[in-house]
Amino acid sequence: MNLIFFGRPGAGKGTQARRVQEHYGIPQISTGDILREAMAAGTPVGRQARTYYERGDLVPDEVMLHVIEERLTAPDAQEGFVLDGFPRTVPQAEALEALLRRLGRRIDAVLYFDVPHDVLIRRLSGRWICRAAGHIYHEVSNPPRVRGRCDVDGSELYQRPDDQSETVARRLRVYDEQTAPVLEYYRSLGLLHRIDGALGAGEVFRQIQAVLEPLREKR
Ligand code: AP5
Ligand code: MG
């Protein structure tokens, strides 16, 4: 299954993509995680991305297309993938379409996690991320067993610099201006499924399964 998880910052894309990865064995491909790793390692992509990322702006399409082509052609992505955070502009969606066509593949479904604004703000202000592997926590809805430490690998938890309130406001504005049109793009292709992303994480996952099970049977 070739899937796209779509939604505003804080909608739960990363949380659910990880669950799908574990449950269905298809890799989560988070462009945000790839950029955070590239910045930490100081690679050319990381250096190109940093100022945009820290402001809460989108990294230029050329950079992202290079990143995504490299990732989608890796061996572990050949049986399916969950794209988390890509595409985020209509040109990215069109370029993805062209790339997949070249590879003889296609998108099976786009899941849109719909979450109201006030819930997004609460989620982002309480989010903690593990340094080693990006495992996602929330101080209220999903706290770690030991404060400040990842349950899975024991590494330190940190708050993303782009989760400060001013940068969050900018990310949400950028979504409305540049990313929201991508929804119409996939709606017109008949690929869009709306998920009520404001419910608890378990209930959200059940809605995802309800979309994915029929797709699996069809394949
Ligand atoms: P990215 O890392 O993709 O950030 P984002 O899209 O803003 O989304 P988030 O990761 O903030 O939210 P999420 O939906 O994954 O929510 P999560 O599961 O963590 O991108 C960061 C930056 O990189 C961009 O600003 C841009 O600069 C650059 N970038 C990335 N991709 C790009 C692209 N394609 N083009 C250009 N630039 C790009 O959940 C949030 C919190 O809520 C957590 O604390 C979690 O525990 C909690 N939570 C989740 N689900 C629930 C639930 N159901 N109930 C209660 N709490 C929940
Ligand atoms: Mg994420």
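**View 1. R127 and H138 face each other in a strand pair of this predicted model**. R127 stands opposite H138, a residue of β6. The strands concerned are β5 (residues 127-130) and β6, which are joined by three bridges and run antiparallel. Together β5 and β6 make a hairpin, with five residues lying between the two strands. Within that turn, G134 adopts a positive phi of about 75 degrees. For most residues other than glycine, phi is negative.

**View 2. An open sheet of three strands is built in the order β6-β5-β7**. The pairing throughout this sheet is antiparallel. Strand β7 comprises residues 157-158 and is joined to β5 by two bridges. C130 has L157 of β7 as its bridge partner, and I129 stands opposite Y158 in β7. The edges of the sheet are formed by β6 and β7, each of which pairs on one side only. Strands of a sheet, whether parallel or antiparallel, pair through backbone hydrogen bonds.

**View 3. An open sheet of five strands has parallel pairing**. The strand order is β2-β3-β1-β4-β8. At the edges lie β2 (28-30) and β8 (192-196), and each of these pairs on one side only. From one strand to the next, the twist averages 25 degrees. Helix α2 (residues 31-41) packs on this sheet, where the helix touches β2 and β3 (81-84). The direction of α2 makes about 60 degrees with that of β2.

**View 4. Strands β1 and β4 pair in the parallel sense**. Strand β1 covers residues 2-7 and strand β4 covers residues 109-114; five bridges connect the two. One facing pair consists of G7 and F113, the latter in β4. In the strand order of the sheet, β1 is flanked by β3 and β4. In a regular strand, side chains alternate between the two faces of the sheet.

**View 5. Oxygen atoms of ligand 1 approach G10, G12 and K13**. For G10, a polar backbone atom is 2.8 Å from an oxygen atom of the ligand. For G12, the corresponding separation, again to a polar backbone atom, is 3.0 Å. With K13, the side chain is involved: one of its N or O atoms is 2.9 Å from a ligand oxygen atom. Taken alone, ligand 1 exposes 1000 Å², of which the protein buries 96%.

**View 6. A cis peptide bond joins F86 to P87**. The omega angle of this bond is near -5 degrees. Most peptide bonds, by contrast, are trans. P87 is placed in the loop between β3 and α5 (90-102).

Conventions. Residues are numbered from 1 along each chain as its sequence is written. Chains are lettered from A and ligands numbered from 1 in the order in which they are written. This is a predicted model: local features need pLDDT of at least 70, side-chain atom pairs count only at pLDDT 80 or more; totals for chains, interfaces and linings use all residues. Side-chain values use heavy atoms; hydrogens and water are left out. Two strands pair if DSSP finds at least two bridges between them. Helices (H or I, at least four residues) and strands (E, at least two) are DSSP runs, numbered from the N terminus. Axes are lines fitted to C-alpha atoms, for helices over the stretch in contact, and angles run from 0 to 180 degrees between N-to-C directions. Contact means heavy atoms within 4.5 Å. A polar contact is a pair of N or O atoms within 3.5 Å; within protein, one must be able to donate a hydrogen and the other to accept it, and residues adjacent in sequence count only if both atoms are side-chain atoms. Accessible areas come from the Shrake-Rupley method with a 1.4 Å probe; for residues, only the protein chains shown count as cover.
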